[in-house]
Amino acid sequence: MQELDPTILQKANSWLEGNYDADVKQAVQKLLDDKAYTELTDSFYRDLEFGTGGLRGIMGPGSNRVNKYTIGVATQGLANYLKKTYPGEQVKVAIAHDSRNNSDVLAGITADVFSANGIYVYFFKALRPTPELSFAVRHLGCKSGVMLTASHNPKEYNGYKAYGADGGQYVAPHDKAVLQEVAAIKSIDEVKFTRNEANIELIGEEIDKLYLDSIATLSISPEAIQRQKGLKIVYSPIHGTGITLVPKALEQFGFENVILVEEQTTPDGNFPTVVYPNPEEKEALTLALKKAQDVDADLVMATDPDADRVGIAVKNSSGEFVLLNGNQTASLLIDYLLTAWEEKGKLTGNEYIVKTIVTSYLLDAIAADKGVKCYNTLTGFKFIGELMTQFEGKQTFIGGGEESYGYLIGEFVRDKDAVVSAAFIAEMTAFYKDKGNSLFDALANIYLKYGFYKEKLISITKKGKEGAEEIKAMMQRYRTNPPATLGGSKVVALKDYEQRVETDLNTNTTKPIELPKSDVLQFVTEDGSIISARPSGTEPKIKFYCSVKGELTRKEVYQETDQQMDAKIDAIMQDLGV
């Protein structure tokens with residue numbers, strides 16, 4: 001018979017005796033009565049960590065769960081930080097939520113706590129996409145913003161993303177300062193839960209209009225859209241917030257034939273038609289692909305629950321729908337944007353794009369060819385947002401993105417934005433169709449010009465404490481004894497982002513890496529392959545981002561070249577012992 005750890009029992013009892021609601025106490029008591037010790041342990045063995053991006057976890061009672069109290073503590077900590085950072089000012093914040101179960105309730109609790117602390121709250125009265133919250137923070141002159149979402153996690157999860165005054169997620173040193181304030185709260189009695197209605201203002205349609213009007217000004221090829229306005233676009237919000245703005249954005253750009261996946265248009269936190277509401281997974285696009293075949297669509301798009309990521313499918317040369325990965329979509333978008341800017345004579349030499357170090361280096365090649373600067377940041381869109389804020393008014397941001405299906409066009413937002421991305425994916429489809437090409441043709445043309453880049457993400461899960469130690473040992477081994485060759489090509493450079501140093505293995509010389517410290521290693525081979533090893537900060541995983549490069553001699557050998565690249569990736573992973 002499993003025993004309950006005394007420290008867990010003590011913590012559970014503190015919830016039974018403390019200032020918690022009766023239904024919460026009842027739920028904890030039930031776990032004790034049912035001897036549900038595994039569930040109790042997981043609910044109480046630690047405090048849900050307020051990480052650099054905020055909170056994310058399973059909903060339920062307990063200190064390691066998302067609930068009224070963990071959200072309350074996070075908000076009180078953030079309120080304390082804001083009052084210390086902006087003394088004597090009327091601090092304003094914006095709050096939005098997605099379609100997940102309890103997101104609306106948790107958003108209300110967040111508003112209660114801010115308003116009780118004398119902070120003025122702009123509260124979206126119904127569900128909205130994450131990027132619109134970022135827009136609202138900037139437009140309304142807020143010092144912070146909170147989005148209640150767990151992005152594309154399973155339905156049991158919810159979360160809390162915190163934003164700074166620039167509309168981007170908190171970065172150093174501000175993220176640590178917020179963490180310290182949250183960690184300093186030792187009792188639920190320190191949290192002010194009593195709402196002050198005078199400090200809360202409801203917002204909605206008027207911000208939608210400003211946001212949609214703003215992104216419509218970014219359109220570069222309205223003439224092509226006018227000629228291709230009947231383009232058949234199948235769109236699914238996968239039961240999320242995308243339904244509030246994506247169809248409107250497409251309509252405002254001039255598209256008149258948007259076909260919705262009806263079974264997935266109703267916001268529903270149970271995500272009943274999918275296993276996971278993640279547009280990176282083919283399964284989540286099953287209904288959209290079926291609809292696309294039925295109507296013979298030109299383009300398929302699906303957004304995740306908080307509409308910051310978008311997955312797409314296009315017809316290949318055999319007329320079959322294929323899913324594009326995040327690197328391919330990012331490459332298409334950047335190539336389209338830079339080509340269209342160039343055609344319109346808008347490139348002045350002061351423009352730039354941004355991507356992360358684990359996103360395809362095809363983007364760097366495209367930017368170099370067009371004379372546009374390409375900056376690389378650490379993984380996480382908040383770093384892209386940070387760079388944009390740094391360059392605001394000095395250089396012109398065209399677009400950016402990361403391999404995990406998040407992109408941004410224009411400077412109105414400081415986070416990945418599936419609303420503006422969906423509008424531009426449709427615009428570039430119209431642009432190419434106007435020239436007699438499909439999106440798949442456009443991708444093949446990019447490969448013909450710059451080389452066939454193929455990326456694959458391989459995640460290895462190592463459970464528990466032993467797993468964490470195993471991952472650490474793997475990274476240590478790669479650092480001290482890097483492989484001499486990978487996939488039959490000599491390793492010529494090792495980039496260690498933890499030590500912030502790049503070593504040329506031919507000359508044994510080093511140069512500094514001008515980015516913050518991060519536990520990432522990159523191997524660069526003679527033939528242009530780049531392999532990045534990165535332990536996950538939130539899960540017991542190590543991720544390998546494998547990017548290989550070959551030559552596409554002509555479109556007819558696309559499939560064979562693709563298979564050769566896959567074989568090359570397999571050989572590299574074998575050499576790494578994965």
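Between which strand and which helix is the loop that holds Arg-414 found? The views below come from a predicted model, in which local features need pLDDT of at least 70 and side-chain atom pairs count only at pLDDT 80 or more, while totals for chains, interfaces and linings use all residues. Residues are numbered from 1 along each chain as its sequence is written, and side-chain values use heavy atoms, with hydrogens and water left out.

**View 1. Arg-414 in the loop between strand 15 and helix 15.** Arg-414 is found between strand 15 (406–409) and helix 15 (418–434), where helices (H or I, at least four residues) and strands (E, at least two) are DSSP runs numbered from the N terminus. Arg-414 is buried, with a relative accessible area of 0%; buried means under 20% relative accessible area, exposed over 50% and partly exposed in between, for a 1.4 Å probe and protein chains only. The side chain of Arg-414 makes a polar contact of 3.1 Å with the side chain of Glu-392. A polar contact is a pair of N or O atoms within 3.5 Å; within protein, one must be able to donate a hydrogen and the other to accept it, and residues adjacent in sequence count only if both atoms are side-chain atoms. Leaving aside neighbours within four places in sequence, the residues in contact with Arg-414 (heavy atoms within 4.5 Å) include Ser-134, Arg-138, Asp-166, Met-388 and Glu-392.

**View 2. The packing of helix 12 against helix 16.** Helix 12 (residues 326–343) and helix 16 (residues 439–450) pack at an angle of about 85°, with their axes 10 Å apart. Axes are lines fitted to C-alpha atoms, for helices over the stretch in contact, and angles run from 0 to 180 degrees between N-to-C directions. Helix 12 and helix 16 are therefore roughly perpendicular to each other, on a scale where angles under 35 degrees count as roughly parallel, over 145 as roughly antiparallel, 65 to 115 as roughly perpendicular and the rest as oblique. From helix 12, Gln-328, Ser-331, Leu-332 and Asp-335 meet Leu-439, Ala-442, Leu-443, Ile-446, Tyr-447 and Tyr-450 of helix 16. By class, this contact of helix 12 with helix 16 has seven nonpolar, two polar and one charged residues, where Ala, Val, Leu, Ile, Met, Phe, Trp, Tyr, Cys and Pro count as nonpolar, Asp, Glu, Lys and Arg as charged, and the others, Gly among them, as polar.

**View 3. Backbone features at Pro-173, Ile-238 and Phe-271.** The peptide bond from Ala-172 to Pro-173 is cis, with omega near -5°, and Pro-173 is found in the loop between strand 5 (157–163) and helix 7 (174–183). Ile-238, in the loop between strand 7 (233–236) and helix 10 (246–253), has a positive phi near 45° and counts as buried at 0% relative accessibility. Phe-271 has a positive phi near 40°, lies in the loop between strand 8 (258–260) and helix 11 (286–295), and is buried, with a relative accessible area of 2%.

**View 4. Gly-550 in strand 23.** Gly-550 lies in strand 23 (residues 541–550) and is buried, with a relative accessible area of 19%. The C-alpha atoms of Gly-550 and Gly-451 are separated by 5.8 Å, although these residues are 99 residues apart along the chain. Not counting residues up to four places away in sequence, Gly-550 touches Gly-451, Phe-452 and Met-565.
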